[in-house]
Amino acid sequence: KPRMEVRPAAQGQAAAGRVALLAMLLPVCCRSAPERIRYAIPEELGRGSLVGPLARDLGLSPADLPARNLRIVSGDEKQYFTLGEKTTNLRVNERIDREGICGAVSPCVLSLEAVVENPFNIFHVSVIIQDINDNAPQFDREFVAIEMIESTPPGARFPLGSGRDPDIGANSLQSYQLTPNPLFSLVMRESPDGTKQPELVLEKSLDREKQRTHHLILTAVDGGDPVRSGTAQIKINVTDANDNPPVFIKEIYKVRLLENLPEGSLAFQVKATDGDEGTNAEITYSFSDITNSARQRFTLDSRTGDVKVTGPLDYEEGKYYEATVESKDGGGLSAHAKVHIDILDVNDNAPTLSLLPILNPIPEDSVPSTVVAVINVRDRDSGDNGEVTCNIDGDLPFRLEPSSENTYKLIIASALDREKVSAYNITITARDRGSPALSSRAALVLEVSDVNDNAPVFEEAAYSAYVAENNAAGAPVLRVRARDADAGANGRVSYWLAGGSAGAAGAAPYVSVEARSGAVYAQRSFDYEQCREFAVAVRAQDGGAPARSSTATVRVFVLDRNDNAPRVLWPAAGAAAGAAAEASPVPFEVVPRSAEAGYLVAKVVAVDADAGRNAWLSYELVQAAEPALFRVGLHSGEVRTARAVSERDAAKQRLVAVVKDHGQPALSATATLHVVLAESLQEALPELSERAAGADSPAELQFYLVLALALLSALFLLSVALAVLARVRRA
């Protein structure tokens, strides 16, 4: 049954599976949890097997799980674990072979990260893989041939090939057994490196004439339950006497090789000597005990003892190799030496980067220290060659912060503004401390999402529009335009009249604004004489939540059109637009007959309600009994004598002056002036009385006509009333 313990995190022994990449996390309240959750499970558990109640051990209740969004992330290429039962329990996802993952390393630990949100937290989870006895001991050679001369003294020892068991602890190889034989026994010899090697001991003298060969079985036994074992067959050939066995110069060869040593290079040389002569002194070399991995990388020249590299040496694949070299002379005597080969690391692996965006796109109002991505760095080298530092290229509003082993957090360092920079191309460089240093780069594109932090801005703070009066209702006045630096709905601008209508009291009926385009339209026809200008406030509002707005003032100036004819104030005004009509009563002016040229007779006074050129007036004399006697000032309207008055001039003069403006088309009015030529008022009275009498006659006639009509009407009504009364009396 899996077991679990929770205790403070400690730096564990390096394992094959390491933390690679953190999962989803929220951008605020980021902190790394100090706890480490530990579980222990046996290897080779089936898929779906329970590892531990992760959610419960993290203190998460089932009600909290949807909001906390529990996730796990592992840096291994294979995802050995997964979350099941609605992300509550940690379960096995892939076959776990302890020997394939960790080899001889103990304990074998697989690490992963558990990430929760709301608030964000990281928990380090370690799963210890316990060994089971799933491997039997094996020998590198199933058949071992040993040659012994018959004169070999009792007590002589002959090394045998070692068995190998990839299991560890009690499940590993524990002992050797030899089939019973009175001539031979088995002992264990501990080598200087601490390993135990089985050796065959000759107990009694050999007699070739009695038995030339002997067959034995060597059994390697582990300590598992059930016990597993492996065997090797040993064949001993008894040969004639050979006085001196070979002797190695060194009992143990310790060799250190760089991992980048090219294939075909001489790695080292073993050397043995023999005191015999002739064929008994001819020594051949061979590997008597060597692992398959070492056999694939090294070859031994049987004549010279040269060991050459025949396969790639990679410190990351194998740091240490061990072999036993046998030297045998022509007479069959042999000697053995141990070879320990240490592979030295060189900086031949550049760091690798894994990037996981956490917050992409990034809201532009994200506060500094928000985590936006997690970077996992790995370097297969060791020592300084495997120590990696990360940095961000360029001057960007982000920084890297170490999170855990081999993991960095990409954090916002300063405020973001989408309107200035909408996306960031971030290049992260990882560089090791080797010599020469190796580096690698990874690019990450982070987009900045819009927040409604900008109000619409009008192109102009105040607009001016000029509209000629008498315009048609619905005519366009102008178009206002506001721009919003935000995007989407936050940048979609609508227009309204401030206050819900046209803005100011009194201006409400005049204009309206189209919400989408900002076009301002006239609501009615403008009259310059009633309103020469007005102002409204237009509000531009975006579609964000909450919405932002700004206002601009639109001032409309009404332009004058020539729609008013001049109006004569004195003398009595005539009809407009060139149609002359005289008013009653008509004033008279008395001019003495002794008047000289330039005598001021009268002044025509007129006004025009229009403005500008439309109100510029000019005067012209269009009708006179004596055209040469009078003239009128073009701009002053003064009527003066053009020459001296003579006795031949008629006593009564009728003058008609026209007043014109300068509009297009021009409008006009007329004024009629009666002039009496007399030296004094008494002299002019008869003319005035005659004129008055002539003027009263039509009035008296009109009065009598009206009186007669009234009398006839009264008589008619009286007759009708009498007729009705008589009819009623009869009834």
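Predicted model: local features only at pLDDT ≥ 70, side-chain atom pairs only at ≥ 80, totals over all residues.
Six strands, namely β10 (143–149), β11 (157–159), β15 (196–202), β22 (284–290), β25 (320–328) and β26 (334–344), each contribute at least two residues to the lining of the second largest pocket. The chain has 731 residues, of which 43% count as buried, and contains five helices and 53 strands.

**Chain as a whole**

- Among contacts in the chain with a separation of 6 or more, 69% are between residues 24 or more positions apart.

**Second largest pocket**

- The space in the second largest pocket comes to about 390 Å³.
- Its lining is made up of 28 residues, and P159, S288, T324, H336 and A337 are the closest to the pocket centre.
- Sorted by class, the lining has ten nonpolar, eight polar and ten charged residues.
- Domain 2 (138–239) and domain 3 (247–344) each give at least three residues to this lining.

**Largest nonpolar core**

- The largest nonpolar core consists of 28 residues, and F458, V477, Y495 and F526 have the most contacts inside it.
- Two or more residues of this core come from each of β36 (462–468), β37 (476–479), β39 (493–497), β40 (511–513), β41 (519–522), β42 (533–542) and β43 (549–559).
- In soluble globular proteins, nonpolar side chains tend to be buried together.

**Residue Y466**

- Y466 is located in strand β36.
- Y466 counts as exposed because its relative accessibility is 55%, and the cut-off for exposed is over 50%.
- Leaving aside residues up to four places away in sequence, Y466 touches F557 and L559.

**Residue S618**

- S618 belongs to strand β49, which covers residues 618–624.
- S618 has a relative accessibility of 14% and therefore counts as buried, since buried means under 20%.
- With residues up to four places away in sequence not counted, S618 touches L634, V658, V659, K660 and H662.

How values were computed. Residues numbered from 1 in each chain as written. Heavy atoms only, no water. Helix = DSSP H or I, 4+ residues; strand = E, 2+ residues; numbered from the N terminus. Buried < 20%, exposed > 50% of the residue type's maximum accessible area, 1.4 Å probe, protein only. Contact = heavy atoms within 4.5 Å. Core = buried A, V, L, I, M, F, W, Y, C linked by side-chain atoms within 4.5 Å. 1 Å grid on protein atoms, 1.4 Å probe; cavity = no way out; pocket = protein on both sides within 12 Å on 5 of 7 lines; lining within 4 Å. Points joined across faces, edges and corners; volume = space filled by probe spheres on them. Nonpolar A, V, L, I, M, F, W, Y, C, P; charged D, E, K, R; others polar. Domains from an automatic or database assignment.
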